[in-house]
Amino acid sequence: MIEDMLRTPAAVRDAERHTAHNYHPLPVVISSAEGAWVTDVDGRRYLDCLAGYSALNFGHRHPTLIAAAHAQLDRLTLTSRAFVHDQFADFCRELAALCGKDLVLPMNTGAEAVETGIKVARKWGYQVKGVPDGQATIVVADGNFHGRTTTIVSFSTDEDARADFGPYTPGFRIVPYGDLAALAEAVDEHTVAVLLEPIQGEQGVVVPPEGYLAGVRRLCDERSMLFIADEIQSGLGRTGATFACEQEGVVPDVYLLGKALGGGIVPVSAVAADAAVLGVLKPGQHGSTFGGNPLACAVATEVVRLLATGEFQRRSAELGERLHAGLRDLVGKGLVAVRGRGLWVGLDIDPALMSGREACERLMERGVLAKDTHGSTIRLAPPLVITEEEIDHAVAQLAAVLGG
Ligand SMILES: Cc1ncc(COP(=O)(O)O)c(C=O)c1O
């Protein structure tokens, strides 16, 4: 039997045996990749339409990024921030310029960037805004996803993410996403920040109503609060712009960045803000052994340079239109709704037809990798190097899954 000769089933079993089961991956075991394509241990190729939740915006093993990593591996990999290294200044200067901000604080994972944003906002609240000690609040949105630390899950509204991890960190108020009136109602003189995803990725690529982000900006200005935009998934080209906030011409006070910043090679995250905000941190008050390490900086500097050309943002905007148009044709033919921006889409499958998980399994059998979320929703976030033909291919495979 051909099935018996495949390496995948045993490799999946092996991968499960000694791991905590905090993930439920599709049964595909990837061993190599290039651009928008991955290959499994049995030599089967798949079009990667998840791109590491946007961590692979530039595709797998982008030659410029791989070259930067190789060159850096041969020179210097880690110093800790106890010393300065020669890759640090360029990275911080160029990322700050891309963000239009004075300063950058590098960390590693997205969750660390969020934690950093929260700490900075609280300190800013006490030292600059004059909030009484211990009284600072931060307003967040329901349906949010900002990471997995104990503080971050404290303000999650997803029971799977939150239940049994208490006691929870106080100081957060949750309001409905997209509801400006509810947000205005929730803030008071102790509110130091509003923390939002400009588009909610994990929730199913939920785009807020027009005017919402601009309204949040206005409210933050009026009430002297920081607007912290979690652009960890939405930023760095994904939506057809450098930042999703640009869709409403909004500039937040604080950008939280991650995922694609590491070029799909190393974990790199960062907080970018002006000196009036990030300047509240003094030596010893925050840090990370690996944050801003030489390898991370060498790769991330090249990421910033790729973004500075504008090519990837353009590709995302143009190819995104093609992707959305193809998917809109499937509404009423197995799809209930399509939403998103650029090369980032949330699809609601008719739940009577199949679950999101089942759709992803069937897509996998047809050589397309995607990820379900919340029951009948699928997310597509292909690498921004994907071609028109590959987009058409992905849409055709989805049509076959829904029709078959
Ligand atoms: C918007 C957003 N913020 C934060 C995170 C957390 O990032 P990480 O998994 O690198 O900690 C994610 C991850 O999916 C995210 O989508």
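Strand β4 (residues 103-107) supplies the largest share of the lining of the second largest pocket, 4 residues. The model is predicted: local features need pLDDT of at least 70, side-chain atom pairs count only at pLDDT 80 or more, and totals for chains, interfaces and linings use all residues. Residues are numbered from 1 along each chain as its sequence is written, and side-chain values use heavy atoms, without hydrogens and water.

**Second largest pocket**
- This pocket holds about 260 Å³ of space.
- Its lining counts 15 residues, with Arg-81, Leu-105, Leu-281, His-286 and Gly-287 nearest the centre.
- Lining residues have an atom within 4 Å of a pocket point; a pocket is an open set on a 1 Å grid (1.4 Å probe) with protein on both sides within 12 Å along at least five of seven lines.
- The volume is the space filled by probe spheres set on the points.

**Asp-230**
- Asp-230 sits in strand β8 (residues 226-230); strands are DSSP runs of E, at least two residues.
- Asp-230 is buried but has no salt bridge; Lys-259, the nearest side chain of opposite charge, is 8.3 Å away.
- Buried means under 20% relative accessible area with a 1.4 Å probe, protein chains only.
- A salt bridge needs a Lys or Arg side-chain nitrogen within 4 Å of an Asp or Glu carboxyl oxygen.
- The Asp-230 side chain reaches the backbone nitrogen of Ile-232 at 2.9 Å.

**Val-175**
- Val-175 belongs to strand β6 (residues 172-175).
- Val-175 is buried, because its relative accessible area is 5%.
- Val-139 is 36 residues away from Val-175 in sequence, and 7.2 Å away C-alpha to C-alpha.

Methods. Buried means under 20% relative accessible area, exposed over 50%, partly exposed in between (1.4 Å probe, protein chains only). Lys and Arg count as positive and Asp and Glu as negative; His and the chain ends are not counted. A polar contact is a pair of N or O atoms within 3.5 Å; within protein, one must be able to donate a hydrogen and the other to accept it, and residues adjacent in sequence count only if both atoms are side-chain atoms.
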